[in-house]
Amino acid sequence: MRYEIIMHIVYTGEPFPEKVVKSMFLAGPTPRSVDVKSWRPEALEILKKLGYDGHIFVPEWREGPAEEKDFSYEGQINWETDGLNRADKIIFWVPRNLETMPALTTNVEWGTWHDSGKVVFGAPPHAPKNKYLKLMAEKLFVPQFETLEKTLSHAVYCLDEGAERNGGECKVPLCIWKTESFQL
């Protein structure tokens, strides 16, 4: 009998789970046009190959770019904020392209979360305007990588077996959940 690894993908606008063991948020630039290819489908394929069996919060619509939807900018921000807070790991993959995916919102999210203890940073070596993010990652001992596969592999390794959380417990990230003081 073969055991099937099941990832649980939660896209923009979808409800967050009432039970988690481990979770990650795929932060980074999002295409704003159907002409620009997203990096997140590749990330999901890599996670599948790595045998990741937790939740993945994807700040894109399940069916494609937001311009095709009834889009609420404030709703998107609220969903992303909730997902970032809930995530056990925040993966910042920044394949910045100044014309098609400038990653301006990513800079703000990085500034908010870079010292949270939840972040893994990655960017291709050729991506422009990432020097500051890389230097801050280095100063704060944030793990950083130059390939999407290595970035995700590290995140999966860090999450290990996770820890089951239910209901309101799902809002407590693993790094806090596993502390001795929180378990008292």
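Biologist: How do S3 and S4 pair, and over how many bridges?
Modeller: Strand S3 (residues 23–27) and strand S4 (residues 55–58) run in the parallel sense, and three bridges join them. Bear in mind that this is a predicted model.

Biologist: Okay. Which residue in S4 is the bridge partner of Phe25?
Modeller: That's Phe57.

Biologist: And what holds strands of a sheet together in general?
Modeller: Backbone hydrogen bonds pair them, either parallel or antiparallel.

Biologist: What's the strand order in the open sheet here?
Modeller: There are six strands with parallel pairing, in the order S1-S4-S3-S5-S6-S7. S1 (8–11) and S7 (144–145) are the edge strands, and each has a single partner strand, so one side of each has no neighbour in the sheet.

Biologist: Let's switch to helices. Which strands does H1 lie across?
Modeller: H1 lies across S1, S3 and S4, and it runs at about 150° to S3.

Biologist: At what angle does H1 pack against H5?
Modeller: H1 (residues 40–49) and H5 (residues 148–159) pack at about 50°, and their axes are 10 Å apart. That angle makes H1 oblique to H5. The crossing of H1 past H5 is right-handed.

Biologist: Which residues make that contact?
Modeller: From H1 you get Glu42, Ala43, Ile46 and Leu47, and from H5 it's Leu148, Glu149, Leu152 and Val156. Sorted by type, the residues where H1 meets H5 are six nonpolar, two charged and no polar.

Biologist: New topic: how many salt bridges are there?
Modeller: The count comes to six.

Biologist: Where do Arg62 and Glu14 sit in the chain?
Modeller: Arg62 is in the loop between S4 and helix H2 (73–86), while Glu14 is in the loop between S1 and strand S2 (19–20). The two are 48 residues apart, so this pair links distant parts of the chain.

Notes:
Residues are numbered from 1 along each chain as its sequence is written. This is a predicted model: local features need pLDDT of at least 70, side-chain atom pairs count only at pLDDT 80 or more; totals for chains, interfaces and linings use all residues. Side-chain values use heavy atoms; hydrogens and water are left out. Axes are lines fitted to C-alpha atoms, for helices over the stretch in contact, and angles run from 0 to 180 degrees between N-to-C directions. Helices (H or I, at least four residues) and strands (E, at least two) are DSSP runs, numbered from the N terminus. Angles under 35 degrees count as roughly parallel, over 145 as roughly antiparallel, 65 to 115 as roughly perpendicular and the rest as oblique. A crossing is left-handed if the near helix is turned anticlockwise from the far one by less than a right angle, and right-handed if clockwise. Contact means heavy atoms within 4.5 Å. Ala, Val, Leu, Ile, Met, Phe, Trp, Tyr, Cys and Pro count as nonpolar, Asp, Glu, Lys and Arg as charged, and the others, Gly among them, as polar. Two strands pair if DSSP finds at least two bridges between them. A salt bridge is a side-chain nitrogen of Lys or Arg within 4 Å of a carboxyl oxygen of Asp or Glu.
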